Structure formats: structure tokens, C-alpha cells
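Student: Could you walk me through this chain before I start on it myself?
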Amino acid sequence: MSKALAPARPHGTARHPPQAGRQRASTQRTDAQRERILAVAARLFAEQGYAGTTLAQIAQALGVSKPFVYYYFRDKQEVLETLSWPPAVECFTALDFAADDPRRASQKVLDGLGRLIRATIDNHPAAFFPYLEPQAYRPEYRAAQKKLARHFYARLHPLLEQARADGDLDFRDTKVTALAACSLPGFLYHWYRPDGRLPPEAVAAELTALAARVLGLRGAA
């Protein structure tokens, strides 16, 4: 990804939710330990579900005690939200292009949707947790994620309308079309498997092509 086109986080959006465990100073060693916990938790949440997984099981899989996990995370919910937040930011900043990006609106739309799809796939299984168990998140977390989503659609809708005015896309209702195109990665949690018939990059390419058809991409464009 070129530096000029790298997505930026919305102003005031942290890369990770605030830490609430007993850990205060972040070091290379503590960051590595946090990542160990998150990796094991992600696997167990995917295999057993959030409700079916306990901190004791996470600690046992790591070969550590529960206080070790509590040093880094306040509770299981914080582990889940810490796993889920970076994929949400990556997905919903997929249309944050540089202000001087000279490409046509249709090119930006398709590039952004492709980034959204690839980010969803690349962040499996953590990107799927909000769809699988939305009730597990704090109201504050859900509100922050909705704010990110509004940020995304506030960029997508004008680009769609500009691309239609340019003659590159053919659709009727902007909001319905945007939601329909974005529902393609939104329903990946129902069927996507990393070890499936198609490799991840092929799945992303197929879904991006389908999104282009939903948007009514004209042949010349």
C-alpha cells in the first residue's frame, strides 16, 4: 500500500481500546505477552464461542495462571474488545484516501470496498466476532464502532453519487446500494473458512467483483 493512499484513523480514534488491567507501562516484553493472550483467546473464541470460553481456559491454554491474564486485561470482555477494535478501524477507514488523490470516484469506491473485504478476511477470526456475538460488547464499545461506521459511509455515499454522475456506476438508491455492497463482507462470518476451496486473495477478488456488479459498474469504467 502506498504511503499516499494509506488509510488514516478518524481523528480521536485509538488503535486499541484503553487498557484496564494492572499493567501500566508498555514494553516490548509486555506487548509480546499481550499478543500471546490475544492469539489464544481469538482461537478459543472462534472454536467455542465467547460465552463458552472462560479466562481460566485461556490461562490454561497459555500454561499460565489467571492472575497473569488479569495483569494485562481487566476481564474477558476487554480481551474480546481489544481483539475486535483494530479490525474495525482497518475496515472502516478503507476509504480514507489522501485529499489530493486524483483517481475517479468509481476507482476510489472499488479500491475502498476491496480494502474493506480484504481487511475482513485478513483479520479472521477477530473481525467476525461482532457479527457472531454482538451482545457481548459494552454499549460504549458499540457506540464507538457505530461512529466508525458512520465515518465510512459518510465517505462512501458522496463517492457513489459522484461516480454515478460521471457515468461509471448505475444504481438507484445510494444508501440501499451502499448497504448491499458492504453486506458482502458483512456476511462472511456465515461461510468463510481460511482453509476453504479458494485462497483468501481469490475470495477477496471474487467479492470485490461482485460488489462492482451490485454498484452497476459500467463496462468502460
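Tutor: What follows takes the overall fold, the core, and then a few elements in turn. The model is predicted, so local features need pLDDT of at least 70 and side-chain atom pairs count only at pLDDT 80 or more, whereas totals for chains, interfaces and linings use all residues. Residues are numbered from 1 along each chain as its sequence is written, and side-chain values use heavy atoms, with hydrogens and water left out.

Student: How many helices and strands does the chain have?

Tutor: The chain has 10 helices and zero strands, taking helices (H or I, at least four residues) and strands (E, at least two) as DSSP runs numbered from the N terminus. Of its 221 residues, 45% count as buried, where buried means under 20% relative accessible area, exposed over 50%, and partly exposed in between (1.4 Å probe, protein chains only).

Student: Which residues have the most contacts inside the largest nonpolar core?

Tutor: They are Phe45, Ile58, Leu83, Leu113 and Phe152, in a core of 50 residues; a nonpolar core is a set of buried Ala, Val, Leu, Ile, Met, Phe, Trp, Tyr and Cys residues joined through side-chain atoms within 4.5 Å. Among the helices that each supply at least two residues of this core are helix 1 (28–48), helix 5 (105–122) and helix 7 (139–165). Apart from it lies another core, of nine residues, including Ala127 and Leu188.

Student: And what does Phe45 touch, leaving out residues up to four places away in sequence?

Tutor: Phenylalanine 45 touches Tyr50, Thr53, Ile58, Lys76, Val79, Leu80, Leu83 and Phe129, a contact being heavy atoms within 4.5 Å.

Student: Switching to helix 2, which residues are buried there?

Tutor: Leu55, Ile58, Ala59 and Leu62 are buried in helix 2. Seen down the helix axis, they fall within an arc of 95°, so they line one face of helix 2; the arc is that of the directions from the helix axis to the C-beta atoms. These buried residues pack against helix 1, helix 3 and helix 4, and just after helix 2, glycine 63 takes a positive phi of about 75°.

Student: Last one: is lysine 146 buried or exposed?

Tutor: Lysine 146, which is found in helix 7, counts as exposed because its relative accessibility is 55%.
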